[in-house]
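These are my notebook entries on a structure that I looked up today. The sequence and model are placed first, and the entries follow.

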Amino acid sequence: MPNDIAGTFLRRPKPLLMTHVVAGYPDLDESRKTVETMVENGADLVEIQIPFTDPLADGPVITAANRAALARGVRPKDVFAMVRRLTQNTAAPLLVMTYANIPHRMGFERFASACAEAGAAGVIIPDLAFDEAGGDWPGLFRRYGTAWIPVLSPGMQEERMRRILAGTSGFAYVTLRTGTTGARLRIGKAGLDFLGRVREVSGPPVAAGFGISRPEHVRALRNKADAVVIGSRLLELYNAGGAKKVGAFLRLCRREPESSSASG
């Protein structure tokens, strides 16, 4: 079942691997094939980004991919068509990620309908707060059968965190630092502390992202996060050696939790 987020978290070994692609980079056909390679090599969930001119939460690697995709003329309707095609032969839940301008321009009802028709399991819009004036965004997507995935970042107050998690379906996306995406050598203590705070609040599964770039990062987050999100590092690997290099890296990451479990 392609949109079974809850079942995926129950069935797959943790932490799950969640990957990110920019749809249309370097072109639509290649980004679709990259998603398929990711799933074949261990990705449990895939975040598919609709390219946008000003991706505020993204660092230089993903921003450059956004601009290249836009330069090729990739539009939201192309991304929905790509997701629709992928859901026909990809078992992993696919998540549509974008920025608030896109649904504002399309109209939220139309955007939510397009996500559902494409078969997206969830939607991530990091610059749109769940309680932003204008509508009940989590409720809107829920009516269409699509999970609203909130993004929580260090510095968020506990009361607000509890309100968000109480209304979340699917899982919560926790950033390990403030700022933008991008591979890092280490996972900072502040990010781990924040992740621990989120886990103390009973609620949905938690995916940790921003800075994860090594298989040992995946191992370090075992028992701390239900899923890890890898984005910029995969794009760097793709730029260096194509989807084959991405697949090899994911196989290494996939083995980390399993080998850790076997050793004790």
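In which sense do strand E2 and strand E3 pair, and over how many bridges? I found that E2 (residues 45-49) and E3 (residues 94-97) pair in the parallel sense over four bridges; two strands pair if DSSP finds at least two bridges between them. Helices (H or I, at least four residues) and strands (E, at least two) are DSSP runs, numbered from the N terminus.

I noted the provenance: this is a predicted model, in which local features need pLDDT of at least 70 and side-chain atom pairs count only at pLDDT 80 or more, whereas totals for chains, interfaces and linings use all residues. Residues are numbered from 1 along each chain as its sequence is written, and side-chain values use heavy atoms, with hydrogens and water left out.

**Sheet.** I looked up the bridge partner of Ile 48 and found Val 96 in E3. The open sheet has nine strands in the order E5-E4-E3-E2-E1-E9-E8-E7-E6, with parallel pairing. E5 (147-148) and E6 (151-152) stand at the edges with a single partner strand each, so one side of each has no neighbour in the sheet.

**Thr 8.** I located Thr 8 in helix H1 (residues 5-11). Its relative accessibility is 6%, so Thr 8 counts as buried (under 20% relative accessible area, 1.4 Å probe, protein chains only). Leaving aside neighbours within four places in sequence, Thr 8 is in contact with Leu 16, Asp 44 and Pro 93; contact means heavy atoms within 4.5 Å.

Key
Buried means under 20% relative accessible area, exposed over 50%, partly exposed in between (1.4 Å probe, protein chains only).
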